[in-house]
Amino acid sequence: MLFDLTLQIAPEMIKRAGEAEKKVFSGHLGTHFDVMDKAFPLAYTRREGICFDVRGLVEIGVKDVDVSQIEPGMFVAFCSGFVEEAGYGSKRYHKEHPQLSYPLIEVLLDKKVSIIGVDFGGIRRGSEHTPADQKCADQGTFVVENLCNLGAVCGQRFTAHTYPMNYAEMSGLPCRVVAEV
């Protein structure tokens, strides 16, 4: 079975997101990568994936997931349900979303995952957002933000198909992410 994990964008969402976050007009609208001056490797378009259930958590730590299941090169997703709960583009969505702890980010980087996927606005909030994404990109790990429908693969392994747009000179790359179970 195939599950689309890409946030569907409608005109009212564009307006609401644009009012909350001006960066949406530079490739950061909906499901996207923060490119961080790197090129997305074509080999990353198909990755083995795993999705951890982290619903109800605000700070997601190492003890909240079974890191022994994570293998190098994986697409590691975190299902918080926040995109469905808060509504994409709302001020709450951008300011109060869950985040990954620094120790968890370090474990993911040490395990050399290819992609970290979240159904919220970023692996860290506020002024910590960009440095966390840069740290990941510098180590060959990309962060995909604003996924949706992760409940369909929550707690499972799957094959992730991820295709970013081939835009130049953009700080974010909108992408389509499909899970195959």
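Reader: At 4% relative accessibility, does Phe 142 count as buried or exposed?
Author: The model is a predicted one. Buried means under 20% relative accessible area. Phe 142 has a relative accessibility of 4%, and therefore this residue counts as buried.

Reader: How many aromatic pairs does the structure hold?
Author: Rings of Phe, Tyr and Trp pair if their centres lie within 6.5 Å. By this criterion, the number of aromatic pairs in the structure is nine.

Reader: What is the geometry of the aromatic pair of Phe 40 and Phe 142?
Author: Planes over 60 degrees apart count as edge-to-face. The centres of Phe 40 and Phe 142 are 5.5 Å apart, and with 65° between the planes the pair is edge-to-face.

Reader: How many residues apart are Phe 40 and Phe 142, which link distant parts of the chain?
Author: Phe 40 lies in the loop between β2 (32-34) and β3 (46-53). Phe 142 belongs to strand β8 (residues 142-145), and the separation from Phe 40 is 102 residues.

Reader: Why is the pair of Phe 82 and Tyr 93 given its class, and what is that class?
Author: Planes under 30 degrees apart count as stacked. The ring centres of Phe 82 and Tyr 93 lie 5.8 Å apart and the planes meet at 20°, so the pair is stacked.

Reader: Which helices hold Phe 82 and Tyr 93?
Author: The two residues are 11 residues apart, and their pair links distant parts of the chain. Phe 82 is in helix α2 (residues 82-86), and Tyr 93 is in helix α3 (residues 91-95).

Terms used:
Residues numbered from 1 in each chain as written. Predicted model: local features only at pLDDT ≥ 70, side-chain atom pairs only at ≥ 80, totals over all residues. Heavy atoms only, no water. Phe/Tyr/Trp six-rings, centres within 6.5 Å; stacked < 30°, edge-to-face > 60°. Helix = DSSP H or I, 4+ residues; strand = E, 2+ residues; numbered from the N terminus. Buried < 20%, exposed > 50% of the residue type's maximum accessible area, 1.4 Å probe, protein only.
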